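Q: I'd like to get to know this structure step by step. Could you start with the terms I will need?

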Amino acid sequence: MPYVLIGRTHSFYGKRLWELVGHLKEFGAGRLVVRSRFERYPEPCYFRIVSARPNFDNGRPHKDEDNMEGKVLVEKIFRGKNYGVVDISDSAYKTDFRLIHKHEETKYLRALQTCTPRQINILPRTVEMPTLLKMVAEREGHERTVLTMKTSTNPCNARVAEEGEQPNVNISVGLGTPVSPQLYKGVI
Amino acid sequence: MFSAVKSNVVNVGRVNRLWLPLNDVTVTLAGVQSVRRTRKPLWLPPAKSKMFKIPPRKYIPEEESRELLRLYNNYRTQMKMIRRHLKNEVQRTAATSELALQQAAEEEAEHQALMEYNLQENLRVAALRGKRVQKEFEAEMARVEATKKYQEEKALLAEEEAMRIITETQEFAKSFIKREDLEQAIEAAIANPVDYNFAVDNEGHVFRGRLTKPQDTDEKDWEKLPATAMQ
């Protein structure tokens, strides 16, 4: 029977993780699942389920939709990097998961071995100040007249350039180097 | 149009609840238009005419989203650097920073130096003041001595004057009428009556005596008032 979907659309594609693991032996321990939102990245992204404990009875029958809660631990591989066993219980309710067939798992494992590692952004050590701030800094005798770069404690995709190293990211006052120059055609 | 705007009362269940603030709708000052909230409150359900309306999803082209991502990343990175720079500057120049403590120590040292200079200056001025006060004291003492000497001389003169007056009075007292000579003096006074009356005519002639007449004496012997009295 044909049916028509109404309502707002979203960017997810797939089922809830609880819906998948509910059909599997031992709640899918050892199986691969992927999130369709992560399939846009060139590097392989998947989860290997370590353990899953769906919460069937939330004490409120027919109150909310089923398969919304539970505890799940997975081995997370994101953009070709293994992040170890993590808890994704908070996002397992999203209808974005897809189960990988057992005979397709080799493809993902091989892709993980053969993929080129993700490019690390090497940030410049210092960046020129904005003009007004530089004037203020020179007038009031600040300790520095350039801005120093510092990343968070453990960034996965960026680091500050070593001494004498050439950064591959250009951060400067102004527009910088556009990644889509055609957008600025006829404007600048 | 939402029907509640007209009546200001929304039927929620069986309770008539006023959902517009009462002050907003009851303020009716002359010449002042009351401000009305035209928006539907958040706790009301969608209007029936909008119930099945599905707004289209926003679509951002891939190249545009990548460019926006780059711009936002640059913006956030630079803003974090600026914030960190300003924070470091504030910490560097704060009251408890090393720079501030150094400045405070320098100010304290300068203050101590100025206090020492002030003390020395006070001592110098005190010495000068002592000399001046001593000189003034000596001058005052000299003036007092001179005054005392003057007063002594003045007292001496006054004593001499008093002695002179006493002497004169004693001399004068010798002419007083004594008690044993009183009868004789009275008799002498009775025997020699003195008439102090006198008359003056238009020409300034004086006629002594109460009963004296001009014709009693010769006109050549008439006494004339002194010329100064006529002026």
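A: Two strands pair if DSSP finds at least two bridges between them, and strands themselves (E, at least two residues) are, like helices (H or I, at least four residues), DSSP runs numbered from the N terminus. This is a predicted model, in which local features need pLDDT of at least 70 and side-chain atom pairs count only at pLDDT 80 or more, while totals for chains, interfaces and linings use all residues. Residues are numbered from 1 along each chain as its sequence is written, and chains are lettered from A and ligands numbered from 1 in the order in which they are written.

Q: Okay, what elements does chain A have, and in what order do they run?

A: Chain A has three helices and nine strands, and read from the N terminus the order is α-β-β-β-β-β-α-β-β-α-β-β.

Q: Which strands of chain A form the open sheet of five?

A: The order across that sheet is 4-3-2-1-5, with antiparallel pairing. Strand 4 (81-87) and strand 5 (97-99) of chain A are its edge strands, each pairing on one side only.

Q: Walk me through it from strand 4, then. How many bridges join strand 3 of chain A to strand 4?

A: Five bridges join these two antiparallel strands, and within this pairing Leu73(A) stands opposite Asp87(A) in strand 4. The two strands also form a hairpin with two residues between them, and in the turn Arg79(A) has a positive phi of about 55°.

Q: And on to strand 2 of chain A: over how many bridges does strand 3 pair with that one?

A: Strand 2 and strand 3 (residues 70-78) of chain A pair in the antiparallel sense over eight bridges. Tyr46(A) is opposite Ile77(A) in strand 3 of chain A, and Arg53(A) is opposite Lys71(A) in that strand.

Q: What about strand 1 of chain A, what does it pair with?

A: Strand 1 (residues 32-35) is joined to strand 2 (residues 46-54) of chain A by two bridges, running antiparallel, and it pairs with strand 5 of chain A, also in the antiparallel sense, over three bridges. Towards strand 2 of chain A, Leu32(A) stands opposite Arg48(A) and Val33(A) has Phe47(A) as its bridge partner, whereas Val34(A) has Arg98(A) in strand 5 of chain A as its bridge partner.

Q: How confident is the predictor in chain A?

A: Chain A averages a pLDDT of 90, with 97% of the residues scoring at least 70; pLDDT is the predictor's confidence in each residue, from 0 to 100. Among the elements, strand 1 of chain A has the highest mean at 97, and strand 9 (residues 158-160) of chain A the lowest at 90. Where pLDDT is low, the predicted coordinates should not be read in detail.

Q: Switching over to chain B, which strands form a sheet there?

A: In chain B an open sheet of three strands has the order 3-4-5, with antiparallel pairing, and its edge strands are strand 3 (198-200) and strand 5 (223-224) of chain B. Three bridges join strand 3 to strand 4 (residues 205-208) of chain B, with Phe198(B) opposite Arg208(B).

Q: Last one: how many residues does the contact take from chain A and chain B?

A: There are 19 residues from chain A and 16 residues from chain B, where contact requires that the C-beta atoms of two residues, placed from the backbone, lie within 7 Å.
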